[in-house]
Amino acid sequence: MNMLQRRLEDPEVLVRLNAFFLSYFGWVAFGVLYGVIGRWSLDLTPQFLRLPLTSRDLVVGLVEFTKSLPPLYALFTVVYYLGFAGSIAIIVAYLLLYLRDLEASDRLLARYLMAYAVAGSIYLIAHIYAPHIVYNLPGYTSSNTLLTRQEFVLPSLHNTFIMINIITLWKYRKRLGGKVLILTNSLIPFATVFLGHHWVYDVLTGFLLGVAVSKVSWEWSARISEVIYRWEVSSLQRVTVFNFLLAVIVLIVAADPARALAIFGGLLGAP
C-alpha cells in the first residue's frame, strides 16, 4: 500500500498514467466518429469469405466445441473480456505502479499510438465484419459499443496489442508477474477465435502488425511535454482521478449501454 501511495505521488508516474488514459479515450472517440467518417470504408466481407478457414461450419464448430467444455468456455470468456481495455490496464499498472519502469512504459505508449494510427487508417479504407455478425450466432450482440465496433476486425487491434504487450514484457519473462501476464496475453488470441469474435486471419494480421510496430519503434519512446511536469502533484492527482472515473464510466456504458443510459438519464432527471 505504501508503494502504491508513493507511485501516486510521483509526477513521472502520474503524467504517464494520464497519457495512457488519453490515448485510450482518443481511440474511443475515433470509434464514435467512425459512424460518420467511416461511411466510405469499403466492406470487403463478401470477398473475404472466399478464403479458406472462413466457413460457417468452422466458426460454429469452434464455438460449439468451446461451449461443450464449460471450464474452457469460462476461461476463454474471462480471458476475452479481460482482453483489450483490461490487458492495457494490467500491463500499465505492472510497468508503472509496480515496477516503475518509465522507459518500458514510454515505449509501450509509443507502440500503442502507432498501432492505433495504423489500424484506424486501415479501417477507414476497408473493413470486414466479425464471424458472429456474419453468421448471426445466437447470444452475441450485433451493436457497436464504446469499446469496439463490429467493423474493427482485420487487423485485430485486440491481438495487435497482445503481441505488443508480450514483446514489451519479454524482458520480465523470468519474474512471476511477467510470466503470468505473458501467459494471460497468450491465451487471448485463442479466446477471440474459439468464441467467434475474430477470424484466424484477424489474429495473424494483428500479430504481424504488433511485431512490425514494435520493430519500427524499437528505440522510440513517447515524448511528454515538459510543461506538464510543471503542474503541482495535487493537480496531477486530481486529473488522474478524473480520468480514472471517466474510464470506469466508459466501461460501464460499454458493458450495457441501454441500462447505463437509463440510469444516467434517471439521475439527471431526478429532482
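## Overall composition

Of the 271 residues in the chain, 45% are buried, where buried means under 20% relative accessible area, exposed over 50% and partly exposed in between, with a 1.4 Å probe and protein chains only. This is a predicted model, in which local features need pLDDT of at least 70 and side-chain atom pairs count only at pLDDT 80 or more, whereas totals for chains, interfaces and linings use all residues. Residues are numbered from 1 along each chain as its sequence is written, and side-chain values use heavy atoms, with hydrogens and water left out.

The chain has 13 helices and 2 strands, these being DSSP runs numbered from the N terminus, with helices (H or I) of at least four residues and strands (E) of at least two. Among the contacts in the chain with a separation of 6 or more, 82% are accounted for by residues 24 or more positions apart, a contact being defined by heavy atoms within 4.5 Å.

Helix α11 (residues 200-216) packs against α9 at an angle of about 45°, and the two axes are 7 Å apart. Axes here are lines fitted to C-alpha atoms, for helices over the stretch in contact, and angles run from 0 to 180 degrees between N-to-C directions. The pair α9 and α11 is therefore oblique, since angles under 35 degrees count as roughly parallel, over 145 as roughly antiparallel, 65 to 115 as roughly perpendicular and the rest as oblique. On the α9 side the contact is made by Asn159, Thr160, Met163, Ile164 and Ile167, which meet Val203, Gly206, Phe207, Leu209, Gly210, Val211, Val213 and Ser214 in α11. The residues of this contact of α9 with α11 divide into 8 nonpolar, 5 polar and no charged, with Ala, Val, Leu, Ile, Met, Phe, Trp, Tyr, Cys and Pro counted as nonpolar, Asp, Glu, Lys and Arg as charged, and the others, Gly among them, as polar.

The loop between α8 (131-134) and α9 contains Pro155, and a cis peptide bond, with omega about 0°, joins Leu154 and Pro155. Ser156 lies in the loop between α8 and α9 as well and is buried, because its relative accessible area is 0%. Leaving aside neighbours within four places in sequence, Ser156 is in contact with Tyr123, His198, Asp202, Thr205 and Gly206. Ser156 and Val200 are 44 residues apart in sequence, and their C-alpha atoms are 9.8 Å apart in space.

Asn136 also has its place in the loop between α8 and α9. Its phi is near 50°, a positive value in a residue other than glycine, and Asn136 counts as exposed because its relative accessibility is 64%.

## Helices α5 and α10

The axes of helix α5 (residues 70-82) and helix α10 (residues 176-194) come within 8 Å and cross at roughly 105°, and α5 and α10 are therefore roughly perpendicular to each other. In this contact Phe76, Val79, Tyr80 and Leu82 of α5 meet Thr184, Leu187, Ile188, Phe190, Ala191, Thr192 and Phe194 of α10. By class, the contact of α5 with α10 has 9 nonpolar, 2 polar and no charged residues.

Asn185 lies in helix α10 and counts as buried, because its relative accessibility is 5%. Apart from neighbours within four places in sequence, Asn185 is in contact with Ser87, Ile162, Asn165, Ile166 and Leu169. The C-alpha atoms of Asn185 and Ser87 are separated by 7.4 Å, although the two residues are 98 residues apart along the chain.

## Two partly exposed residues

Leu53 is found in the loop between α3 (45-48) and α4 (56-67), with phi near 70°, a positive value in a residue other than glycine. Because its relative accessibility is 48%, Leu53 counts as partly exposed.

Ala89 is found in helix α6 (residues 84-98) and counts as partly exposed at 47% relative accessibility. The C-alpha atoms of Ala89 and Phe20 are separated by 8.9 Å, the residues being 69 residues apart along the chain.
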